[in-house]
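Please open the structure in a viewer and keep a selection tool at hand.

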There are 2 protein chains.
Amino acid sequence: MPSALILIADGTEEMEFTITYDTLVRAGVTCTSAFVPTPADASKLEATSPPFARGSRGINILPDTYFSPQALTADKFDAIVIPGGAKGAETLSESSPVQHLVREFYNSKKVVGMICAGSLVALTSSLPSQPITSHPSVKSKLDSIFQYKEDPVVVSNNLVTSRGPGTAFPFALTLVELLCGTKKRDEVRGPMVFPPGTPW
Amino acid sequence: MPSALILIADGTEEMEFTITYDTLVRAGVTCTSAFVPTPADASKLEATSPPFARGSRGINILPDTYFSPQALTADKFDAIVIPGGAKGAETLSESSPVQHLVREFYNSKKVVGMICAGSLVALTSSLPSQPITSHPSVKSKLDSIFQYKEDPVVVSNNLVTSRGPGTAFPFALTLVELLCGTKKRDEVRGPMVFPPGTPW
C-alpha cells in the first residue's frame, strides 16, 4: 500500500490539506500528517500536548505527528505533499530540514506534490528548473527560475504542482493516479459526485 | 457580519466540513463549529480536553465548542450547516436536540444547509416535503418523502442541499451567495483558482 507524508504548519490552507489527505486515504494510501513549527514556536512545543495546527481560516487540525528529520525519512514514504496557505507555506519553505527532505524525495524519484504557495518549497529546496505552477500570488517569485505554467496541475518528472483550493481535487486525484493508477483514480472520483461537466 | 453554526461529529466528512467552513470564513461569515457526541460518548466527555472530532478519513479536527442546545440557539446565527460522512450524519440525524434546532432554524427562515448524508437530518427533523438532494447512497431513504433531485445544489425555500465532496464548493459558494450576496460569491471564488470550465 503506498504511503504519503503530508506536512502541515500554522497557517496551512486547511482545504488543500484536507482534500489531499482525504482523497489519498480514499485511494488506500496510508497518510501521515506531520506538524512543522515555526522556529519561534519550536522551543515551546514540549509544553503543548496534543499539538494542533491553526489553519489559515481558523480550523484547528490535530496532525498525526511532529515533523522529525530523524524519524520521517524519504525511504519510509512514496510521496511528500506540501500544502499552501501563505503563512504555512512560509514556515515550510524556510525550514532547512524540510528543504533537505524534499530534495531527498525528489532525488530518489518519489512523488513530490506542492500546491498553491506550497510551490515556494521547490524554490527554497533548489529543485532543478522545470515546468511548475503555483497560486498566482507567488508567481513572481517562481517565474524567473522555473518554466511557469498556468495549468491547474503540472506534472514534471516526479514533481506535481498545482494552484489553489480550486485545483485541490484534480491535484489530489493526480497524486492518486501516480501512486495507485488510473483505475483507482476513477474508483475514488465516482462517489465524490462531481457535477456534470467538471473538467477533471 | 453573518454567522453560521456548523455541526461536526465523529465520522463527519472532513472535506465537506472544511470546504464549507473555510469558504464561509473567506466571505467574512463568522463560523462556529460545534461537536455533537454520540449518546454513548456523551457521558465520557468531561474527561476529554480538548475534544476533537475524528473525521471519516482520519483527520482529527478540534471543534470550536461543544454542541449545547442551551447556548447555541437559532437566534444567534444566520445559518446552520450539516455536513455528511455516513457515521457523522448518523449521529447528527439521530440527535433529538439537533433535530429540534434544525426545525427552529428552518421555521425562523434562517439558511439551513445539508450536504451528502447530512440531508438525512431533513428527514429526521420532519422538515416539510420539498425538493432535496443528497449523496446517492442515501437517496432511497429520502425519495419517498421529498421531491428528490440530482442537481449538485438544490435551493428550496431556506433549505439548501447538496451531494458530496465533489459538490462541496458550489454548496459553500451558494451559502455565501445567500448570506452575503452574489458580489461576495464572485470575490471569494476568484482567488480559489478553479480550472477553466469549472461549472460553478
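Select Ser126(A) to begin; in this predicted model, Ser126(A) sits in the loop that joins helix H5 (120–124) to strand S8 (131–132) of chain A. Its phi is positive, about 55°, although the residue is not a glycine. Is Ser126(A) buried or exposed? With a relative accessible area of 57%, Ser126(A) is exposed.

Next, select Ser126(B). This residue lies in the loop between helix H5 (120–124) and strand S8 (131–132) of chain B. Ser126(B), likewise not a glycine, has a positive phi of about 55°. Its relative accessibility is 56%, so Ser126(B) counts as exposed.

Now display both chains together. Chain B is superposed on chain A by a rotation of 180° with 0.0 Å of shift along the axis, and the RMSD is 0.0 Å. The two copies are therefore related as by a two-fold rotation axis. To locate that axis from chain B, select Ile61(B): its C-alpha is the nearest to the axis in that chain, at 2.3 Å. Through what surface do the copies meet? Of the interface residues of chain B, 100% are also interface residues in chain A, so the copies meet through the same surface.

A residue with contacts in both chains is the next stop. Select Phe169(B), which belongs to helix H7 (residues 168–180) of chain B. Phe169(B) has a relative accessible area of 2%, and is therefore buried, the cut-off being under 20%. Leaving aside residues up to four places away in sequence, display the residues that Phe169(B) touches. In chain A these are Met15(A), Ile19(A), Pro165(A) and Phe169(A). In chain B they are Ile19(B), Thr23(B), Met192(B), Phe194(B) and Trp200(B). For a distance check, select Val153(B) as well: 16 residues separate Val153(B) and Phe169(B) in sequence, and their C-alpha atoms are 10.0 Å apart.

How many of the 13 residues of H1(A) are buried? Eleven are, so that the helix is mostly covered; among them are Glu14(A), Phe17(A), Tyr21(A) and Leu24(A). At the start of H1(A), select Glu13(A) and Met15(A): a side-chain oxygen of Glu13(A) comes to within 2.7 Å of the backbone nitrogen of Met15(A). After the helix comes Gly28(A), with a positive phi near 90°.

Finally, turn to the sheet of chain B. Seven strands form an open sheet with mixed pairing, in the order S5-S2-S1-S6-S7-S11-S10. Which strands of chain B stand at the edges? They are S5 (65–66) and S10 (153–156); each has a single partner strand, so one side of each is left without a neighbour in the sheet. Further in, select S7 (residues 111–115) and S11 (residues 159–162) of chain B, which pair in the parallel sense over four bridges. Within this pair, Val112(B) stands opposite Leu159(B) of S11(B).

Notes: Residues numbered from 1 in each chain as written. Chains lettered and ligands numbered in written order. Predicted model: local features only at pLDDT ≥ 70, side-chain atom pairs only at ≥ 80, totals over all residues. Heavy atoms only, no water. Least-squares fit on C-alpha atoms with pLDDT ≥ 70 in both. Contact = heavy atoms within 4.5 Å. Pairing = 2+ DSSP bridges. Helix = DSSP H or I, 4+ residues; strand = E, 2+ residues; numbered from the N terminus. Buried < 20%, exposed > 50% of the residue type's maximum accessible area, 1.4 Å probe, protein only. Polar contact = N/O pair within 3.5 Å; in protein donor to acceptor, adjacent residues only side chain to side chain.
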